[in-house]
Amino acid sequence: MLFTKLFIIFLSAALVNNYVLNRFLGICPFLGVSKKSSAAFGMGMAVIFVMTIASMATWVIQHYLLIPLNITFLQTITFILVIATLVQFVEMVIAKISPALQQALGIYLPLITTNCAVLGVATINSDSNLGFIGSIVNGLGAGVGFTIALLLMSAIRERLDLTDVPDCMRGIPIAFIIAGLMSLAFMGFTGLVSQ
């Protein structure tokens, strides 16, 4: 029973309520890092890690610090500080493990700090009654959904580089059209999971 509920939370966050294609959060890295699949994969893994750990940390801070001290008005700034700390940690680990990946991610890795999808997941977790494990699974599912959208977009954009796209549609215009079509396609998952 618990496993089924957690699976539904994961599926809902990854596909049905995809944070990029349904809620339109995290559009900046979605468009900026989706030119090459290798960079998209690295960015996706970093976002999965940050979203999952941020969901865990922010749930604990919300329920054991902000609510008992009645300082929930500090929620947003507290969550931003937690996310910024986690991003710095991920950046240090990637620099140590794979300098090539860090160079490929470039400016986009620090942008996870300002990725509104990460803050959105933490805020939605605190506003919902998912519980501790449910919040972690929701963060993991949201990260996986972000990675799926990013990898699909990068695969399409790599194929577009090999085709004859009119000059006025190259770059961001065609990326927006593709993102809109992907969003419509993901709407097909609506009804897969009842809320």
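The following questions and answers concern a predicted model of one protein chain.

User: What conventions apply to the model, and from which number are residues counted along each chain?
Analyst: In this predicted model, local features need pLDDT of at least 70 and side-chain atom pairs count only at pLDDT 80 or more, while totals for chains, interfaces and linings use all residues. Side-chain values use heavy atoms, with hydrogens and water left out, and residues along each chain, as its sequence is written, are numbered from 1.

User: In which helix of the protein chain is confidence highest?
Analyst: The pLDDT is the predictor's confidence in each residue, from 0 to 100. The protein chain averages 87, and 96% of the residues score at least 70. Confidence is lowest in helix α5 (residues 99–105), at a mean of 76. The highest value, 93, belongs to residues 131–160, helix α7.

User: How many helices and strands does the protein chain have?
Analyst: Helices (H or I, at least four residues) and strands (E, at least two) are DSSP runs, numbered from the N terminus. From that terminus on, the elements run α-α-α-α-α-α-α-α. The count is therefore zero strands and eight helices.

User: What is the radius of gyration of the protein chain, and how does it relate to the globule rule?
Analyst: The radius is taken over C-alpha atoms, and the globule rule is 2.2 Å times the number of residues to the power 0.38. For 195 residues the rule gives 16 Å, and the chain is close to that, so it is as compact as a globular protein of that length. The C-alpha trace spans about 60 × 40 × 30 Å along its principal axes. The radius of gyration itself is 17 Å.

User: What share of the 195 residues counts as buried?
Analyst: Buried means under 20% relative accessible area, exposed over 50%, and partly exposed in between (1.4 Å probe, protein chains only). Accessible areas come from the Shrake-Rupley method with a 1.4 Å probe, and for residues only the protein chains shown count as cover. The accessible surface of the chain comes to about 10,200 Å², with 72% of it belonging to carbon and sulfur atoms. The buried share of the residues is 44%.

User: Which residues does leucine 109 touch, not counting residues up to four places away in sequence?
Analyst: Leucine 109 is placed in the loop between α5 and α6 (116–127), and it counts as buried because its relative accessibility is 1%. Its C-alpha lies 7.0 Å from that of glutamate 91, 18 residues apart in sequence. With contact meaning heavy atoms within 4.5 Å, the residues touched are Ala46, Val87, Val90, Glu91 and Ile94.

User: Is threonine 147 buried or exposed?
Analyst: Threonine 147 lies in helix α7. Not counting residues up to four places away in sequence, it touches Gly44, Met45 and Ile48. Its relative accessible area is 5%, so threonine 147 is buried.

User: Which residues is phenylalanine 49 in contact with, leaving aside its neighbours within four places in sequence?
Analyst: Phenylalanine 49 lies in helix α3 (residues 37–66) and is partly exposed, with a relative accessible area of 35%. Its C-alpha and that of leucine 86, 37 residues apart along the chain, are separated by 9.0 Å. The contacts of phenylalanine 49 are Phe89 and Val90.

User: What is the geometry of the aromatic pair of tryptophan 59 and tyrosine 64?
Analyst: Rings of Phe, Tyr and Trp (its six-membered ring) pair if their centres lie within 6.5 Å; planes under 30 degrees apart count as stacked, over 60 as edge-to-face and the rest as tilted. A search of the whole structure finds four such pairs. For tryptophan 59 and tyrosine 64 the centres are 6.3 Å apart and the planes at 70°, which is edge-to-face.

User: Why is the pair of phenylalanine 186 and phenylalanine 189 edge-to-face?
Analyst: Phenylalanine 186 is buried at a relative accessible area of 9%, whereas phenylalanine 189 is partly exposed at 27%. The ring centres are 5.4 Å apart. The pair is edge-to-face because its planes stand at 75°.

User: What is the phi of asparagine 70?
Analyst: Asparagine 70 has its place in the loop between α3 and α4 (75–97). It counts as exposed because its relative accessibility is 62%. Its phi is positive in a residue other than glycine, near 55°.
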